[in-house]
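Morning, everyone. Let me put the structure up.

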Amino acid sequence: MPKRVVLLVVPPVDELDLVGPVEVFGTANRLLGGGRTPYAVEVVTTTRNRRVNGQNGLSLLAHRHYQDGGGHPDSVLLVCGVGARTMRDRALFGWLTRVAATARRLGSVCVGGFLLAEAGILEGRSATVHWRYAREFADRYPRVAVDPRPTWVQDGNIYTSAGISAGIDLALAWVEEDFGTAAAFKVARELVLFLRRPAGQDQVSASLEAQALHTKSMHELQVWMTEHLGRRLSVDALADRVAMSARNFARVFTQEFGTTPGRYLLQLRVEAARRLLEQTDKGLTHVAIACGFQSVDVMRRAFLRALGTTPLRYRRHFQTPAVRSRMRSAVLRGPLVAARREIAMAARVATTSNRWLKPSALHV
């Protein structure tokens, strides 16, 4: 049976908050079905005429009103506009509370976290919202541990996200939970995403901030640095790249990026290391060298300065479930178990080869 995903919409909404996740699940249906439909996606709304108005002029028609039957969903994703963060609707809050207790997953996009908090669902939990509304959220709901940095946060079966494009990241995370990392990357690749962000990725990264530049050569250098972090990127080498003297380059770079070349490079390397720690099972030495740190100790000191934690602790906290599961299974197999399995297989082949191979094949 397909997994039933219900998107509950409280209009008016930012269109991408809704259309982005719908596109992820629809793409998963096209690419992963194999003749079946992995997801049964349904859009429901709080308006009786089923009309969903977008804040940028687009209007959609939901399948039904959220209270009109529909059985028990596997997952529910709440999408609402910024104006809804102050709404009080006892019927809606009661419905959300029941869903939180019965559905496998309940998530929110952008300021949808306000409605979950108002319903009492986030009390004592960790959550995030769009960075612009994080302070307001923290003031209104002091019993919720709000973090304005991550793109999305999971606490039990409750998920909150930063909104807009982060709704896509959250939907991809659900696909990964359901069908594995390879499936999620297949969907992300089909959607032509530049970077698939895990939960711990900052809402605003150093790379994004640096793209608001006035000089084309500096923007191209920023992209080149991101792609060559494993190299020794000294100020002299970077200055040669843009045909400047080292002194003039350092001045221009600091003026346009708001930080020194060395500090910016360190930010890029820490971000790259975080992605590898979150999304792969590569060892710390491999991660350090790939991201341009001279050693694990140098990477450790950089993490402590930038994040207040070590790479190992960061991986334990933020590594994606699929990678963590793969690492555990590898430990359970172990070299001795694998060797015994290979010996047993070789023995079976040896005892059955004369019976299954053609006579001519035995002399090749």
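Keep in mind that this is a predicted model.

Start with S6 and S7. Strand S7 covers residues 105–109 and runs parallel to S6, with 5 bridges joining the two. How does the chain get from S6 to S7? It goes through helix H2, residues 90–102, and this β-α-β crossover is right-handed.

Now the pairing of S6 with S1. Strand S1 is residues 3–10. It pairs with S6 in the parallel sense, over 6 bridges. Leu78 turns up again here, as the bridge partner of Leu8.

Next, S6 itself, residues 75–80. Is it buried or exposed? Mostly covered: 6 of its 6 residues are buried. Ser75, Leu77 and Val79 point one way from the strand. Val76, Leu78 and Cys80 point the other way. Residues on both sides are buried.

On to the helices. H8 spans residues 216–227, and H10 spans residues 246–257. Their axes are 11 Å apart, at an angle of about 90°. Roughly perpendicular counts as 65 to 115 degrees, so H8 is roughly perpendicular to H10.

Which residues meet there? From H8, we have Met218, Leu221, Gln222 and Met225. From H10, we have Phe249, Val252, Phe253, Glu256 and Phe257. By class, the contact of H8 with H10 has 7 nonpolar residues, 1 polar and 1 charged.

That's my tour. Over to you.

Technical notes: Residues are numbered from 1 along each chain as its sequence is written. This is a predicted model: local features need pLDDT of at least 70, side-chain atom pairs count only at pLDDT 80 or more; totals for chains, interfaces and linings use all residues. Side-chain values use heavy atoms; hydrogens and water are left out. Buried means under 20% relative accessible area, exposed over 50%, partly exposed in between (1.4 Å probe, protein chains only). Helices (H or I, at least four residues) and strands (E, at least two) are DSSP runs, numbered from the N terminus. Two strands pair if DSSP finds at least two bridges between them. A crossover is right-handed if, with the strands pointing away from the viewer, the path from the first strand over the helix to the second runs clockwise. Axes are lines fitted to C-alpha atoms, for helices over the stretch in contact, and angles run from 0 to 180 degrees between N-to-C directions. Angles under 35 degrees count as roughly parallel, over 145 as roughly antiparallel, 65 to 115 as roughly perpendicular and the rest as oblique. Contact means heavy atoms within 4.5 Å. Ala, Val, Leu, Ile, Met, Phe, Trp, Tyr, Cys and Pro count as nonpolar, Asp, Glu, Lys and Arg as charged, and the others, Gly among them, as polar.
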